[in-house]
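Subject: Handover of a structure for your review

Dear colleague,

Please find below the structure that I am handing over to you, followed by an account of what was found in it.

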Amino acid sequence: MSPDDAARARDEEQEAAAAAALALARARKAAADKGLRPGLKPLRRRRPANQPQGTPSGSGPDARDPMLIGEQLEKFVADRGWEVDVAVGSVIGRWPQLVGPDIAEHVQPVSFENGILTLRAVSTAWATQMRLLTSVLLGRLEEEVGAGTVTEVVVTGPSGPTWAKGRRRAPGRGPRDTYG
């Protein structure tokens, strides 16, 4: 090996050692920023603020205790602000029990947006009947999901067939006097 090759090899080794030292320093700084102490004895755990001085952790209730699945789900839903959506989803899922089998057979919930529950009836007669029963329905929904969740009920009748199909469709309004 020539003297130039040996010098180049030493320079490369020194550069590699310097890069390794720099990487180690960055890793130690990142660990310190996170509160970790690599290579040192761990710090003693602090006593929770709600636990008086001198009382050991025991078998009593504690913040670290496991929670029931129902409590966990309630906390999960509340943390994400889904209470209203879950309540309305339960109304839509339990529609036959809330309004009865006769009404549920002829009127179905379609959507819920911004406090407005939209229902679709199978006939104009059922749509009219549901419009007359709107105040009763709002009272029942208020009992089930809470006040202010459903602010308005919109009832739509059946929609007529669309005439905008086929290859030979003519532009325009179509036969408007058939369904009305």
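How many residues does the largest nonpolar core have, and which of them have the most contacts inside it? The core has 21 residues, and those with the most contacts within it are Trp95, Val99, Val107, Leu119, Met130, Leu137 and Val150. Two or more residues each come from helix H3 (83-93), helix H4 (95-99), helix H5 (101-106), S1, S2, helix H6 (124-132), helix H7 (134-145) and strand S3 (152-156). As general background, nonpolar side chains tend to be buried together in soluble globular proteins. Please bear in mind throughout that this is a predicted model.

Overall organisation

The protein chain contains 7 helices and 3 strands. Read from the N terminus, the order of these elements is α-α-α-α-α-β-β-α-α-β. Of the 180 residues in the chain, 17% are buried. When contacts between residues at least 6 apart in sequence are considered, 48% of them join residues at least 24 apart.

Leaving aside residues up to four places away in sequence, Val107 touches Trp95, Leu119, Arg120, Ala121, Trp126 and Met130.

The hairpin

Strand S1 covers residues 107-113 and strand S2 covers residues 116-121; the two pair in the antiparallel sense over 6 bridges. Together S1 and S2 form a hairpin, with 2 residues between them.

For context, most residues other than glycine have a negative phi. Asn114 belongs to the loop between S1 and S2. With a relative accessible area of 76%, Asn114 is exposed, because a value over 50% falls in that class.

The salt bridges

A search of the whole structure finds 3 salt bridges. In general terms, side chains of opposite charge can pair when their charged atoms come close.

One of these salt bridges is formed by the side chains of Arg94 and Glu144, at 3.0 Å from N to O. Arg94 lies in the loop between H3 and H4 whereas Glu144 lies in helix H7, so this pair ties together parts that are 50 residues apart in sequence. Arg94 is partly exposed at 33% relative accessibility, and Glu144 is also partly exposed, with a relative accessible area of 30%.

Another salt bridge links Arg140 with Glu143, where the closest N and O atoms are 3.7 Å apart. These two residues are 3 residues apart in helix H7, so about one helical turn separates Arg140 from Glu143. Arg140 is partly exposed, its relative accessible area being 30%, whereas Glu143 is exposed, at 62%.

Arg140 also meets Glu144 in a salt bridge between their side chains, at 3.5 Å from N to O. Both residues lie in helix H7, where Arg140 and Glu144 are 4 residues apart, about one turn of the helix.

Other side-chain contacts

The structure holds 1 aromatic pair. Phe76 and Trp82 form this pair, which is edge-to-face, with 5.5 Å from centre to centre and 80° between the planes. The edge-to-face label applies because the angle between the planes is over 60 degrees. Phe76 is partly exposed, with a relative accessible area of 36%, and Trp82 likewise counts as partly exposed, at 37% relative accessibility.

A polar atom of the Thr134 side chain lies 3.0 Å from the backbone oxygen of Arg131.

Yours sincerely,

A colleague

Terms used:
Residues are numbered from 1 along each chain as its sequence is written. This is a predicted model: local features need pLDDT of at least 70, side-chain atom pairs count only at pLDDT 80 or more; totals for chains, interfaces and linings use all residues. Side-chain values use heavy atoms; hydrogens and water are left out. Two strands pair if DSSP finds at least two bridges between them. Rings of Phe, Tyr and Trp (its six-membered ring) pair if their centres lie within 6.5 Å; planes under 30 degrees apart count as stacked, over 60 as edge-to-face and the rest as tilted. Buried means under 20% relative accessible area, exposed over 50%, partly exposed in between (1.4 Å probe, protein chains only). A nonpolar core is a set of buried Ala, Val, Leu, Ile, Met, Phe, Trp, Tyr and Cys residues joined through side-chain atoms within 4.5 Å. Contact means heavy atoms within 4.5 Å. A polar contact is a pair of N or O atoms within 3.5 Å; within protein, one must be able to donate a hydrogen and the other to accept it, and residues adjacent in sequence count only if both atoms are side-chain atoms. A salt bridge is a side-chain nitrogen of Lys or Arg within 4 Å of a carboxyl oxygen of Asp or Glu.
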